[in-house]
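Hello,

Here is the structure I promised to pass on. Please have a look, and then read on for my notes.

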Amino acid sequence: MNAIEMKHVTKSYASFRLNDVSLSLPSGCIMGLVGENGAGKSTTIQLIMNTVQKETGEILVLGKNNTSEDFKQVKEDIGIVLDEAYYPEVLSPANVSRIMRHTYRNWQEDRFYDYLKQFDLPEKKKFKEFSRGMKMKLAIAVALSHQPKLLILDEATSGLDPVIRDEILEIFNDFTRDEAHSVLLSSHIISDLEKICDYIAYLHHGSLLFCEEKDVLLEEYGILHTTSSQALHVPQEAVLGRREGKYATELFVRRSRISDAFDVEKAGIEDIMLFFAKKEG
């Protein structure tokens, strides 16, 4: 089963349109949702959670249509962290736990306090005194503490130092060792996505340019540094793009269509994103 399925989903605003987006997140996998500011990542997450209504298409979450009555129960199985943590300023983490105990039927107080200790969060300090990083860690602790099957994370690791970020990524990785668990992670930090994601979905100006297995992307695309004259000997069916420099030519190529005689570097996710963005432009 797919944890999330979006089929030809469209949503329009006065100055922005999310256009005919289709993607699938298989159960047990982590998908990175990437794109520049304003590309449609947050809109996509809002559509998945049905906090804004789509114009066309269909969205299934954990096997249920997200406009059906059944989706109200499905929400119990979703842990969500937005780009800002929203709790009343006067509450402490201990207060938050007492509230969540009456919010989620599967609230695990012991696990929540374990995360507080792991993230070095004071139990009785008021939320208004938390730094941005502390606020995000509290939101992540809440999301993980009610036995979710699906985590939806919108820039959840932004504002965290590299050590804590790496620790949290490892928690997400461990979470999906259970094949019934899945993660949708929106992030600007490409290195995080390359580290843990199974799939990458790239939104650009409201259009989904690709949604593919990360390993397939990294295996298929490459960069060849050569000269203008040597570039003429590269099979043209392998060349997807080129950039001319003062002293060298850089070719973006399909590695499957080029001889091993050429010294082709693997392209990173950011390289691939830049190519598709330029191609779309």
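This is a predicted model: local features need pLDDT of at least 70, side-chain atom pairs count only at pLDDT 80 or more; totals for chains, interfaces and linings use all residues.

Residues are numbered from 1 along each chain as its sequence is written, and side-chain values use heavy atoms, with hydrogens and water left out. Helices (H or I, at least four residues) and strands (E, at least two) are DSSP runs, numbered from the N terminus.

**The four-stranded sheet**

Four strands make an open, antiparallel sheet in the order β2-β1-β4-β5; two strands count as paired if DSSP finds at least two bridges between them. β2 (17-26) and β5 (64-65) are at the edges with a single partner strand each, so one side of each has no neighbour in the sheet. Seven bridges link β1 (residues 2-12) to β2 in the antiparallel sense, and S12 has R17 of β2 as its bridge partner.

Helix α1 packs on this sheet and touches β1, β2 and β4 (56-61), its direction making about 115 degrees with that of β1. Contact here means heavy atoms within 4.5 Å; axes are lines fitted to C-alpha atoms, for helices over the stretch in contact, and angles run from 0 to 180 degrees between N-to-C directions. Six of the eight residues of α1 (41-48) are buried, that is, under 20% relative accessible area with a 1.4 Å probe, protein chains only. Those six are K41, T43, T44, I45, L47 and I48. Just after α1, N50 has a positive phi of about 60 degrees.

**The six-stranded sheet**

The order in this open sheet is β6-β7-β8-β3-β9-β10, and its pairing is mixed. β6 (78-81) and β10 (207-213) are the edge strands, each pairing on one side only. β9 (residues 199-204) runs antiparallel to β10, joined by six bridges, and Y199 stands opposite E213 of β10. Helix α5 (residues 132-144) packs on the sheet, where it touches β6 and β7 (150-154) and makes about 175 degrees with the direction of β6.

**A helix pair**

How do α3 (residues 93-101) and α4 (residues 109-118) pack? Their angle is about 155 degrees, with the axes 11 Å apart. That makes α3 roughly antiparallel to α4, a term used for angles over 145 degrees. P93, A94, S97 and R101 of α3 meet E109, F112, Y113 and L116 of α4.

Best wishes

Key
Angles under 35 degrees count as roughly parallel, over 145 as roughly antiparallel, 65 to 115 as roughly perpendicular and the rest as oblique. Buried means under 20% relative accessible area, exposed over 50%, partly exposed in between (1.4 Å probe, protein chains only).
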